[in-house]
Amino acid sequence: MFESLPEFGTGVLYAVLVSAAYTFAVSLVAGRNRSPRTLEAARLGAYGTIGLVGLALLVLAYAFVTHDFRIRYVARYSDRSMPLPYLFASLWGGQDGSLLWWSFLLSGYTGACVAWMKGRYRELQPYVIATLMSILGFFLVLMLFAANPFWTSFSGARPDGEGLNPLLQNFYMAIHPPSLYTGFVGCAVPFAFAVAALVTGRLDSEWIGASRKWMLFAWLFLSIGNGLGMLWAYEELGWGGYWAWDPVENAACLPWFTASAYLHSIMVQERRGMLKIWNVALVCTTFFLTIFGTFLTRSGMIASVHSFAQSDIGKYFVVYMGLIVAASAGLIVWRLPQLRAEGRIETVLSREAAYVFNNWALLGIATFISVATVFPKISELWAEPVTVGPAFYNRWVVPAGLAVFALMGAGPLFGYRKTSRSALIKAFRLPTAVAVGFAVAHLALGGFFGFPAIVASPEIYPGALGTLLRGLGSLLPLISTFLCAFNFAVITQEFVRGIQARRASQQEEGIGEALFRLVSKGRRRYGGYIVHAGIALMFVGFTGKAWGVDKETALRPGETFEVGSYRFTYKGSRMEVDPGKRMVFADLQVDRADGSSLGVASPAKFIYRKMPEQPTSEVSMLHTLRDDIYVVLGSANPQTKVATFQIHINPLVSYIWLGLIIVIFGSAVCLWPDLALGESGAWAYARAAGSFTASIFLALLIASTPARAFAQGSSSLHAGTVEMRSSQEREVFPMLLCQCGACARLPLDNCVCSTADEERSHIRAMMSAGSSNQQIFEDYVARHGTASLAVPPNKGKLSAIWAVPVAGVLMAGVGVLMLLRRWKNAGTPALAGGPAAGIPDDYDRRLDEELERLDG
Amino acid sequence: MADTKENPLDLILERSSILAPAAVFLGAAALGAFRGPGAAVLALAGGTLLGAVAGLWGSLRILAGDAPISLHEAIDLGAPSELQERKQKILLALKDLQREHSLGKISDEDFKELSARYRAEAKQLLRDMDEDLAPARQKAEALLAARLQVAPASALPEADPSSPSEDQPDGDPPRREP
């Protein structure tokens, strides 16, 4: 009946391309002749195109469900034993399918956007639709000519498929990529509005207002997607960390930084008509970065654990990225006269100026990460091949992140337009006092509780720069404590002052009601503060990394082992079998220092039927608010009953996931629609309840994922925990990358393959012989080349990796200061009508009514 | 001169935009329960194909001039004026000022000065907008009065988009029903 299913699928893709081209053309005509009828035709054309994309995806889903192994993609990423949810997850598990998934999500966004635009943005609509269709067209061309998911195997249908990589068969794989894609693809809508605004010349705040919530939605899913990616790495990969600075991870977080900058800077344009060029450029950059991220994942240009199989689709992306840059830059230059700032800044002590600095810092980090991510490729061209590992990023980017964190705390203390000095001192007084108090307490008592304020920090460079960075690294826990306390104090103060102000004007309101009305009347502002609180909580979790403990041990049943304040008793091993694999579990009873039981950790080795030569490690974790007990089974000898364990005590990690949940809740508050005219108070309550319920549901979903993922089980390949027996090992292993070829970027403190084992033995022998760190590095480079170092040497052209972005950020900082100075010197603009005077009239009444309705 | 709402085909199409997807999902769920996931996916694919064809067919009908769009839809396509945008910006500025003042971030003097300036500008914009709207309002009132003279209010049909009169949506030539 469906003998021609692959051809039908390809035919549907061609139909989508034709339909998208038709809709693109009709949209352009609608934009040119401004005819409502043509616009309606374009809208319906968009709906038709969306339907066809949905059809293409469903045809592929049908092929997976019916095991149609004639289709190469189906044969490669599924097999007959896979349960139904993973068959659907295979839709985005490989390159060709993920491109169709990208198109499907873009179609979903297009449909939602077209429906949402009904009745508004008449001038922008045609060009928004045309832009979205053009993006869809690119992915269609890519699929049809380079990565068609319906292509058949040359050798015909196989009896069974290869199956999805076990690494990808877990709950996170089912939800992490869709979340991240939802964020990536969502950035296309604000980009479409920006292009439409540039084409039509309607560059006022209309397109900003239209695109804001779309960008916020995309930002939320970028946050969730990156957060789930961290969870996946933490729970599944077995190396005890959550962020490895892999190029694809970097690419996923770059649009998050630019989108965050945009969400702040648009407030300046909305209120003052300033930063117009900047906002358009930010949206275009964010969209460009989403395509760049997709390109990085798929082109295989830079070694990454996330990369799909290498293919030739990279050149299509390069051309498309060139087109995006050329079109965006061309349109911006064309509209420059209309993009000039209307307003002037009264003083640098204002929220507007704070936003400008915030943007500078966010873009600074994004620039730094971008340069470091592509540096290996650049260095190949004009110096020697290098690799940039986690040690480099941790040393450079973390302090920059804390600078943004500081600005995040200070920003809300400034008022829009003008903050008097006395008000500013008053605003800073309490948060600063609280932060100083916490910092002093941390210094005095941190060591007693196992959280010292100053920690040992490895030196990544010899010389003054290395010493400076090392000193900064040692102080990071203390600085982070200060800034976390500062941020929480600022947010609390803002809420308290808001409630006080509200109760001063509405004396009958209780504290709870005043809080509710404060947030519901200023969802954007207070939702933003809630997001800030979530991010501050995540920083608490990030800081915990400084106090992690790693140990490795071999135990017989009944033996105990102590790590930190926990005692581990090995109870024995057991085997379970299911149709797909054999599972060897080792049970460890974990007790606190006071003897109370924390639970049983059961790390395991899974031996998959299809990959018996590659047993996989299953992490077992016990969570507390203070520590995560993270246990990996190294081996379990069935004859001697001896099992080896890698034990990791990860302090404060739970706060990262808790912070993510609060970020989701805060974003939901910001996203909730504005009150329409005539809505009753009861309806406002109902919507608030709906908002709360929706965000709690999403948050619970996130919160429940660790347990579900653990229950699902998955695999790790080479990533794992490695015991480091001395401070010298702590300094050396993170700086050297494994050279086995299968894990190009894993440092020796994380890689557990046999090659890494041999290298560690060699290095330990050198250490025993008294070799210095520098001698060990030189020996390693002599044997494996400069690219085996996690941090490119600070010499010659290679210094550009940090010198170029640092110089760029500093120059941009000088530029920001000059810009603010110019704006300030331009003076206060004269306002039409002059100061209001005289008796209040009907216009005053109308104005007051509109202000009462306005949600800000 | 029939209203589009009275055209049975359009009425069915309009209602089916909500009902049809629901029916397809329910049908797919039922098929999935009895015939397995493959049948459910096929049912969804069939429904999606029908939806895609309906969308493209509707688009081509409009372009070919076979389907009118309603006055309501045409009015919905209106765009805010530049004055409205400026007003929104100033209202936001005033709101910010009020909030910052209530939180003690801006002194009383600065608040009075800035607030007075922005209120003056906002009021001027409201006046300008009223003046801008005055001719259109007069025209609408005249049209309504003329219409009321032709037919009693109770007998007035809903807005007729295909009427070849001055209220035809902009950009399109007047269209006559056969």
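Start where the two chains of this predicted model meet: select the residues of chain A that are in contact with chain B, and you'll pick up 61, facing 56 residues of chain B. Now colour that side of chain A by helix. α1 (5–33), α2 (36–65), α9 (205–236), α10, α15 (421–445), α16 (464–505) and α25 (842–853) each put in at least two residues. Which helix gives the largest share? That's α2(A), with 18 residues. Switch to colouring by residue class, and the side of chain A that touches chain B splits into 27 nonpolar, 18 polar and 16 charged residues.

Select 247–272 for α10(A) along with 351–382 for α13(A): the two helices pack at about 160 degrees, their axes 9 Å apart. An angle over 145 degrees counts as roughly antiparallel, so that's what α10(A) is to α13(A). The crossing is left-handed. Show the side chains here, and the contact of α10(A) with α13(A) divides into 13 nonpolar, 9 polar and 2 charged residues.

Last stop: a sheet in chain A. Four strands make an open sheet, ordered β1-β10-β9-β8, with antiparallel pairing. Which strands stand at the edges? Select 549–555 for β1 and 620–623 for β8 in chain A: each has a single partner strand, so one side of each is left without a neighbour in the sheet. Look along the sheet and you'll see a twist averaging 20 degrees from one strand to the next.

β9(A), residues 627–636, runs antiparallel to β8(A), and 4 bridges join them. To find your place, pick Ser620(A), which stands opposite Val631(A) in β9(A).

Notes
Residues numbered from 1 in each chain as written. Chains lettered and ligands numbered in written order. Predicted model: local features only at pLDDT ≥ 70, side-chain atom pairs only at ≥ 80, totals over all residues. Pairing = 2+ DSSP bridges. Axes fitted to C-alpha atoms, helices over the stretch in contact; angles between N-to-C directions. Parallel < 35°, antiparallel > 145°, perpendicular 65-115°, else oblique. Left-handed = near helix turned anticlockwise from the far one by under 90°. Nonpolar A, V, L, I, M, F, W, Y, C, P; charged D, E, K, R; others polar. Contact = placed C-beta atoms within 7 Å.
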